[in-house]
Structure formats: C-alpha cells, structure tokens
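Reader: Can you walk me through a structure? I'd like to ask as we go.

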Amino acid sequence: MNYTINSSGKYVISIAPEMWKMIMSRDGFAGIHPVPHYKLENEPEETDGRYIIELTAAQWGIFQVNLKRLSTSTVHPSTSNMNYTINSSGKYVISIAPEMWKMIMSRNGFAGIHPVPHYKLESGRYIIELAAAQWGIFEMNLKRLTTSTVHPS
C-alpha cells in the first residue's frame, strides 16, 4: 500500500488486491466512506490490479487507526509450517518452519521478490517481511509450488 497527497489535499491510496481483501474482510474502512468506494484500474501490466481510493485528512486518520487495529491483533495461520501477521506499516511478517523454508528455497519460491532482511532465524523459524505486492507474488509462487503435477514414469 502506498499513497500520495494530491493538490486538493486528499490522500490518494493505492492498495494491492491482497491487502484490499484483508482490509474489506476485517472492516478496515469502519467509520469512513471513501468516494469512490474503490476503483480497480484497468491496466494490470502498469497498475498490478491495485485499488485506488481518495480520503480526506480526517478519513486518513481514521483509516490509520483502523489499520493499526487490524495489524496488531491477528496471526493468520496458513498452515502449521507457515503463518503471518500484518504489521502497522502494512508489511506481511511471515514465520516459516525450517522444513517449509528448505522446500521454498529449493523450488525458487521467492522468484521475483527479494525479502529484506533475507531471513532471520527465531525460535527455529525463519522470519521475513514482505510488502503487499511482494506478498502477492509470494502467494502465486506458493500456489505454483503446491500445484505442480507429478507425472508417472
């Protein structure tokens, strides 16, 4: 998620589809009504399918409070091998078990992204932070890894 402030002082926010889903599913716009509610840009090669909204300064403040509420309370268990939280800056903090990490690394699961820091080992698990756009790429990579077909000899 990123934003600019336009000439009229409104916050123009660009939100990746994955982040948009999370915000919508957890009432991240509580107390505000962005106008237009959302606009999905039609140029995916340029915009990556991001949602664009405009908020006043007051709405932006409420939205920031909502995001903090969303990001500080929940761990999203994907599997016992991997789970994630979304921190207050909107980054996905992913905890990966060593056996899952080895599989991801051996099959180029981070193709197209460069996690920073590359990893740190905590309690036997690897911890990485990804921006929303990187998270989307990572999810696609994981789907590719988990849906690859085994062809019998």
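Author: Here is a short tour, starting with the whole chain and then going into parts.

Author: Keep in mind that this is a predicted model.

Reader: Fine. How many helices and strands does the protein chain have?

Author: There are 5 helices and 9 strands. From the N terminus, the order is β-β-α-β-α-β-α-β-β-β-α-β-β-α.

Reader: And what share of the residues is buried?

Author: Of the 153 residues in the protein chain, 38% are buried. The accessible surface is about 9100 Å². Carbon and sulfur atoms account for 56% of that surface.

Reader: Which way do the side chains of E7 point?

Author: Tyr92, Ile94 and Ile96 point one way. Val93 and Ser95 point the other way. In a regular strand, side chains alternate between the two faces of the sheet.

Reader: Which strands are joined to E7 by bridges?

Author: Strand E6, residues 82–86, is joined to E7 by 5 bridges, and the two run antiparallel. E9, residues 125–130, is also joined to E7 by 5 bridges, and that pair runs antiparallel too.

Reader: New topic. Which residues of helix H1 are buried?

Author: H1 spans residues 17–25, and Met19, Trp20, Met22 and Ile23 are buried in it. Seen down the helix axis, the buried residues of H1 fall within an arc of 165°, so they line one face.

Reader: What about the other side of H1?

Author: Lys21 and Ser25 are exposed there. Just after H1, aspartate 27 takes a positive phi of about 55°.

Reader: Last one. Where is asparagine 141, and is it buried or exposed?

Author: Asparagine 141 sits in helix H5, residues 132–146. Its relative accessibility is 9%, so asparagine 141 counts as buried.

Reader: What is asparagine 141 in contact with?

Author: Leaving aside neighbours within four places in sequence, asparagine 141 is in contact with Gly109, Phe110 and Ala111. A polar atom of the asparagine 141 side chain lies 2.9 Å from the backbone oxygen of glycine 109.

How values were computed
Residues numbered from 1 in each chain as written. Predicted model: local features only at pLDDT ≥ 70, side-chain atom pairs only at ≥ 80, totals over all residues. Heavy atoms only, no water. Buried < 20%, exposed > 50% of the residue type's maximum accessible area, 1.4 Å probe, protein only. Helix = DSSP H or I, 4+ residues; strand = E, 2+ residues; numbered from the N terminus. Pairing = 2+ DSSP bridges. Polar contact = N/O pair within 3.5 Å; in protein donor to acceptor, adjacent residues only side chain to side chain. Contact = heavy atoms within 4.5 Å. Areas by Shrake-Rupley, 256 points an atom, 1.4 Å probe, with all protein chains shown as cover. Arc of directions from axis to C-beta.
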